[in-house]
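The following note sets out numbered points for a colleague reading this model. Please consider each point alongside the sequence and the structure.

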Amino acid sequence: MAVRLVMEGYSGKEAASMVNVCRQTASHYVSLFNEGGFELLLHRDFAPGREPFLTEEQQEKIKQLVLTTTPAELGRDVASAWNTKLLQSYVAKQFGVSISREALRKLLHRKGLSWTRPTYTLAKGNPDEQKQLEKQMDLIKKLDHQGDRRCRSSVHR
C-alpha cells in the first residue's frame, strides 16, 4: 500500500503515516519494489530461530517410541501409556537433554500426535457373552426402575 501511495505522488512520510508504518519502513518497501518489483517486495527471509533441543532424528525416535511402546515395556514405569512427565525423564536419560513438558507436548503435536486419556477395552472378550451381559444389565435396570415405582407408590398411600 505504501508503494502504491508513493507511486500516486504522496511523499514517503505521508505514505508511511497513512499505512501506519515508520518512514524508514515505507522507504525500504519502495527501494525493494524499485529493485525487483512485487516479487522482491513480497519475498520474506525469516530468521532461522533458536536451535531445537532435539535433532530431527531424535524427535522422530520419540514419536515412534510413543506410537509403538509403553513405559511398562521399557521398564520405565508401570504405566500403560506415555505422559509428558515420563517422556521428559526418558529424553533426559536417553539424549541428555533437559526439555520442558510443554515443549514435549508441542513437539508431539507438530509430529501429528495429540494427548488423549487411555481407554480400556476388553480385547479378548467373547462378543456373544458381552451381548448376553448387556441384555442382563438392561433387565436389571428395568426391574430396579419398577421397584422404585412400587416403593414410591407405597409411600404415598
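1. Trp82, Tyr90 and Phe95 form one aromatic cluster in this predicted model. Rings of Phe, Tyr and Trp (its six-membered ring) are paired if their centres lie within 6.5 Å; planes under 30 degrees apart are called stacked, those over 60 edge-to-face, and the rest tilted. By this rule, three aromatic pairs are counted.

2. Phe33 and Phe38 make an edge-to-face pair, with 5.1 Å from centre to centre and 65 degrees between the planes. Trp82 and Tyr90 are also paired edge-to-face, at 5.9 Å centre to centre and with 70 degrees between the planes.

3. Buried means under 20% relative accessible area, exposed means over 50%, and partly exposed lies in between (1.4 Å probe, protein chains only). Trp82 and Tyr90 are both buried. Phe33 counts as buried because its relative accessibility is 18%, whereas Phe38, at 55%, counts as exposed.

4. Gln59 lies in helix α4, which spans residues 56-68. Gln59 is classed as buried because its relative accessible area is 8%. Contact is defined as heavy atoms within 4.5 Å. When neighbours within four places in sequence are left aside, Gln59 is in contact with Pro52, Leu54, Leu107, Arg110 and Lys111.

5. Asn20 deserves a separate remark. Most residues other than glycine have a negative phi. Asn20, although not a glycine, has a positive phi of about 65 degrees. Asn20 is placed in the loop between α2 (12-19) and α3 (23-42), and it counts as exposed because its relative accessibility is 70%.

6. As to the overall fold, the protein has seven helices and zero strands. Helices (H or I, at least four residues) and strands (E, at least two) are DSSP runs, numbered from the N terminus. Read from that terminus, the order of elements is α-α-α-α-α-α-α.

7. Of the 157 residues in the protein, 20% are buried. Among contacts between residues at least 6 apart in sequence, 39% join residues at least 24 apart. The protein exposes about 12900 Å², of which carbon and sulfur atoms supply 53%; accessible areas come from the Shrake-Rupley method with a 1.4 Å probe, and for residues only the protein chains shown count as cover.

8. Residues are numbered from 1 along each chain as its sequence is written, and side-chain values use heavy atoms, with hydrogens and water left out. As the model is predicted, local features need pLDDT of at least 70 and side-chain atom pairs count only at pLDDT 80 or more, while totals for chains, interfaces and linings use all residues.
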